[in-house]
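Student: I am new to this structure. Can you show me how to read its main features?
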Amino acid sequence: MRLYDTLSRQIQDLKPLHPPIVSVYTCGPTVYDYMHIGNWFTFIRYDLLIRTLKKSGYTPNWVLNITDVGHLTSDADEGEDKLAKQATKEGKTAWDIANFYSEYFLSGLKRLNISHPNHIPKATEHISDQIDFILKLESKGFTYKLTDGIYFETKKFLSYADFARLDIDEQQSAQRTEVNKNKHSPSDFALWKFSPTDRKRDMEWDSPWGKGFPGWHIECSSMCLNYLGETIDIHSGGIDHIPVHHTNEIAQSESLTNKPLANIWVHTNHILINDSKISKSLGNTITLEDIETRGYSADTLRLLCLESHYRTQSKFSWESLEAAQTRLLRYRNFAVRRYQATGSASLEAPDALKQMQNDLNTPQALASFESWLEQAETIDINTESITASINLLDELLGLRLMQVSDIDDRYKKLIQMREVARKEKNWTKADELRNALETANITVLDQQNGPLWQYLS
Ligand SMILES: [Zn+2]
């Protein structure tokens, strides 16, 4: 299995540290609002990584965390806590916000058929681990204290700029909020923030430095260490995480352990709508609910995601979603042939796994399935070949084709009655029966060896 590694900027062979186990950490959502389809694309893509590992004979140990405190409005530890800000807006506590949007996220994983991670730790459930981590960094001399928190001294981690090939000045000038002028250098970041003295925060904890809350980056370093160990096989997240969040995770973790945090770093690219990134400030966010309200399924969204490679910028439009729906219908109608096939021809399954093992090449995996499909549709294929291929595709790509149901017996009876009417050349009756079937979302194709039913939508 080969993956593009952001650290080396090269495609690398996966060499698990403890085969067959492959440890994977994915930076999960900050649970302060509804996820948009760009967020979901990221998690679908890591689900595809997990599925490919499993089909390749590995046993993934997947940690997908939930950030429910400490992610400030700027990724670089400036501004307000995103959850606290949303709590004020909704007139709730930060805890209510965290619970509500965590549940929303977990239900979305199910709706989108994303594999259940082995662990879904919440940052707020691991505060003492994070404090321990910071204490160790403190004892090694990597921290300093300012009036508003404990900071990591990035100059002491000599390779700080390497991962993102950062131009530190450029990184800082790109940030939206004011940089804390008291920091020793602009790239330094908060490990622990102190609670304000004039008011009580919903989320705050005692620490050796006083009441406060952890920084976003330390949460991931700490949970990754606790669940997966000092060096893991694959660390992953959105491309946005490279210059700040992952750079800071590496600085903290490697300063503590003197070992590489991860052997392979995988990053997913953005999804664009009308050539713009999805962002709340642009008002162009689309949620899973928006998709479903317009009559498209979560599986259709998944197929749209599969159509682009994870390292390219994918484009969303309602037209492309419509095209994905048509494409999915073809797959689904092929899957239901197994309820009807009487053929004897067998056909070897498509080589979609090989394509996925090559840096998760989803467009090629779909292409290999479709060229297989073209062949399969023209031969008198047997049930076993259909089932084997559809199963493979479901396990690998998660399109739930095996779940497309058979039609009710009464419709099968109508199809038989229509055959009789046709033989008797009773065209009026045959048409009436066709209409009745179409009302039930079923169409019949008259083929050489008998009728073949399909779903209309
Ligand atoms: Zn993270």
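Tutor: Start with the domains. Their bounds come from an automatic or database domain assignment. This is a predicted model.

Student: Into which domains is the protein chain divided?
Tutor: The protein chain has domain 1 (2-268), domain 2 (288-403) and domain 3 (409-455). The centres of domain 1 and domain 2, taken over C-alpha atoms, are 34 Å apart. Their contact takes 25 residues from domain 1 and 30 residues from domain 2.

Student: What area do domain 1 and domain 2 bury between them?
Tutor: About 2,600 Å², with 58% of it on carbon and sulfur atoms. On the domain 1 side, Arg45, Lys55 and Arg111 lose the most area to domain 2. Together they make up 25% of what that side buries.

Student: How many salt bridges are there between domain 1 and domain 2?
Tutor: Four. Arginine 111 also forms a salt bridge, with glutamate 292. The closest N and O atoms there are 2.9 Å apart.

Student: Which element gives the most to the side of domain 1 that touches domain 2?
Tutor: H1 does, with eleven residues. By class, that side of domain 1 has 13 nonpolar, five polar and seven charged residues.

Student: Now a single residue. Is serine 207 buried or exposed?
Tutor: Compare its relative accessible area with the cut-off: buried means under 20%. Serine 207 is buried because its relative accessible area is 15%.

Student: Where does serine 207 lie?
Tutor: In the loop between strand S9 (189-194) and strand S10 (212-214). Leaving aside neighbours within four places in sequence, serine 207 is in contact with Ile131 and Trp192. A polar contact of 3.3 Å links the side chains of serine 207 and tryptophan 192.

Terms used. Residues numbered from 1 in each chain as written. Predicted model: local features only at pLDDT ≥ 70, side-chain atom pairs only at ≥ 80, totals over all residues. Heavy atoms only, no water. Helix = DSSP H or I, 4+ residues; strand = E, 2+ residues; numbered from the N terminus. Buried < 20%, exposed > 50% of the residue type's maximum accessible area, 1.4 Å probe, protein only. Polar contact = N/O pair within 3.5 Å; in protein donor to acceptor, adjacent residues only side chain to side chain. Contact = heavy atoms within 4.5 Å. Buried area = accessible area lost by both parts, 1.4 Å probe. Salt bridge = Lys/Arg side-chain N within 4 Å of Asp/Glu carboxyl O. Nonpolar A, V, L, I, M, F, W, Y, C, P; charged D, E, K, R; others polar.
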